[in-house]
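User: Could we go through this structure together? I would like to start with the strands and then look at some side chains.

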Amino acid sequence: MKTIKIIQTYEQLKAISDPLRTKILMYLVERPYTCHQLAEELNLTRAKILYHLRELEKHNFIKLVKKVEQGGNLLKYYQAVARGFIPADHLLNFVESQEATRQSYLEVLNRAKTRVLTAPNSSFEINSSEVEDWDSLSLQSEVSVTKEKFLEFTKKYRELVDELVTDNEIAEKNNNYYVMITAFKIDEFAFSEKS
């Protein structure tokens, strides 16, 4: 799976601007799913999911990665072709670019909420008063920095995540972790001091 796929056409941009397609794509970035599995996860009909899968496949956002015969049925597993999707420069001024990006951020946050709610209780056990010893992390901060400093931080963060992904050898001792970050410019601090 590629890290980033550049959206090249307006038709692709329109296709990914649909909120349900964005939601489906978030699932398919994580791992392969069948139409039936997605229908169950999203509490929708298989026909509706199949329609959107076909649209995503037609516009090269997902691909068929595996076929499995089970009980006389052929199960088709789809997965996203990349971990992220970004409009090409010539598409940035379209309102669909802004809406697709905003929808993508919302889906990342919704998916994180779902992962927190479905994680085992052991994920939230505190075994030490030293935060650095915890094998979980939840941080948020509103900061005031230059754009250059922010971009430097995002580069370092991406490198750290890439390091985790590339060092991910399957071993019996491995634990699975859900890692996410969302950052964007805001107008003012939520808890700014007002006199």
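Analyst: A definition comes first: helices (H or I, at least four residues) and strands (E, at least two) are DSSP runs, numbered from the N terminus. Two strands pair if DSSP finds at least two bridges between them. This is a predicted model, in which local features need pLDDT of at least 70, side-chain atom pairs count only at pLDDT 80 or more, and totals for chains, interfaces and linings use all residues. Residues are numbered from 1 along each chain as its sequence is written, and side-chain values use heavy atoms, with hydrogens and water left out.

User: Which strands form a hairpin, and what is in the turn?

Analyst: The hairpin is formed by β3 and β4, with two residues between them. Gly-71, in the turn, has a positive phi of about 60 degrees. Strand β3 covers residues 62-70 and pairs with β4 in the antiparallel sense over eight bridges. Within β4, Tyr-77 stands opposite Lys-66.

User: What is the order of the strands in the open sheet?

Analyst: The order is β2-β4-β3, with antiparallel pairing of the three strands. The edge strands are β2 and β3, each of which pairs on one side only.

User: How many bridges join β2 to β4?

Analyst: Two bridges join strand β2 (residues 33-34) to strand β4 (residues 73-80). Tyr-33 has Tyr-78 as its bridge partner in β4, and Thr-34 has Tyr-77.

User: Changing topic: is Gln-12 buried or exposed?

Analyst: Gln-12 counts as buried because its relative accessibility is 8%; buried means under 20% relative accessible area, exposed over 50%, and partly exposed in between (1.4 Å probe, protein chains only). The residue belongs to helix α1 (residues 10-17).

User: And what does Gln-12 touch?

Analyst: Not counting residues up to four places away in sequence, Gln-12 touches Lys-5, Ile-7, His-59 and Phe-61, where contact means heavy atoms within 4.5 Å. With His-59, a polar atom of the Gln-12 side chain lies 3.0 Å from the backbone oxygen.

User: Where does Phe-153 lie, and how exposed is Phe-153?

Analyst: Phe-153 lies in helix α6 (residues 147-166). Phe-153 is partly exposed, because its relative accessible area is 42%.

Terms used
Polar contact = N/O pair within 3.5 Å; in protein donor to acceptor, adjacent residues only side chain to side chain.
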